[in-house]
Amino acid sequence: MSVAENLAQIKENIEQACQRCGRDPKEVSIVAVTKYVSVERAQEALDAGLCNLGENRKEGLLEKYEAIGAEATWHFIGSLQSRKVKEVIDYVSMIHSLDRRSLAKEIDKRASATVPCFVQVNISGEDSKHGLPASEVEGFVEAMEAFPNVKIVGLMTMAPHIEDEERLRGVFRQLRAVRDRIRNKGYAHAPCEYLSMGMSNDYALAVEEGATHIRLGSCLVGGQ
Ligand SMILES: *Cc1c(COP(=O)(O)O)cnc(C)c1O
């Protein structure tokens, strides 16, 4: 399937999910996750009208950036080693995987302008997932005031790979509840408006539960 064909189906699903919960589909941004696919396929995504592209490794980002450049808006969605920050920071518009103070410190030091970041939260508590436990997020966000180049624009999570809709909804709702609490504090350094949640298997549910950024790889551009 072409990216355009996949995108048409996905947009329809997003619209239906929005209808079910009274949201405006314009509130939902699609980040096309190109980590599994070629530069050509990433270019096809861009040609289909997708301007937000996501990569989870330094190598993939730099390879795609070299070919496509600033025509796309680049999202870093994978775990980021502090020593690699300086190599990617000039190319990424948003980082979805901020999960520790040392990383924030390095972003702050290396960035030439404010970097919008999502704090990654491990709602499900699975050992294999990166991210802060939900109980530590508020304190962490508060402490980010020390880093003027780090702006906390929202929270991100990866839901577990399960079919159980109610459990998935529970994960998304918990992230949203933490987001709401932080947003209501009105921090200048942390407006925390966005929710980066939902992937190929669960994006419709995530949209119903308030996702503003869904990260789609396999169902949109292709998977492994
Ligand atoms: C790979 C990846 C995705 C996309 O996963 P799909 O299930 O293929 O849509 C989304 N978010 C993160 C953090 C990823 O690493």
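1. Basis. The model is predicted, so local features need pLDDT of at least 70 and side-chain atom pairs count only at pLDDT 80 or more, whereas totals for chains, interfaces and linings use all residues. Residues are numbered from 1 along each chain as its sequence is written, and side-chain values use heavy atoms, with hydrogens and water left out.

2. Aromatic pairs. Three aromatic pairs are present in the structure. Rings of Phe, Tyr and Trp (its six-membered ring) are paired if their centres lie within 6.5 Å; planes under 30 degrees apart are stacked, over 60 edge-to-face, and the rest tilted. The pair of Y65 and Y91 is tilted, because the ring centres are 4.5 Å apart and the planes stand at 50°. Y65 belongs to helix α3 (residues 58–68) and Y91 to the loop between α4 (85–88) and β4 (94–98), so this pair ties together parts that are 26 residues apart in sequence. Helices (H or I, at least four residues) and strands (E, at least two) are DSSP runs, numbered from the N terminus. Ring pairs also link Y65, W74 and Y91 into a cluster.

3. The strand pair. F118 and Y194 form a tilted pair, with 6.3 Å from centre to centre and 35° between the planes. Since F118 lies in strand β5 (residues 115–120) and Y194 in strand β7 (residues 194–196), the pair ties together parts that are 76 residues apart in sequence.

4. Buried denotes under 20% relative accessible area, exposed over 50%, and partly exposed in between (1.4 Å probe, protein chains only). F118 is buried at 0%, while Y194 is partly exposed at 29%. Y91, at 31%, is likewise partly exposed.

5. Largest pocket. The largest pocket holds about 520 Å³ of space. A pocket is an open set of points on a 1 Å grid over the protein atoms alone, where a 1.4 Å probe fits, with protein on both sides within 12 Å along at least five of seven lines; lining residues have an atom within 4 Å of a point. Among the 29 lining residues, K35, N56, I77, G78 and M158 are the closest to the pocket centre. Helix α3 and strand β8 (213–216) are the elements that give two or more residues to this lining.

6. Residue E106. E106 sits in helix α5 (residues 101–110) and is buried, at 14% relative accessibility. Beyond its neighbours within four places in sequence, E106 is in contact (heavy atoms within 4.5 Å) with S82 and V85.

Terms used. Points joined across faces, edges and corners; volume = space filled by probe spheres on them.
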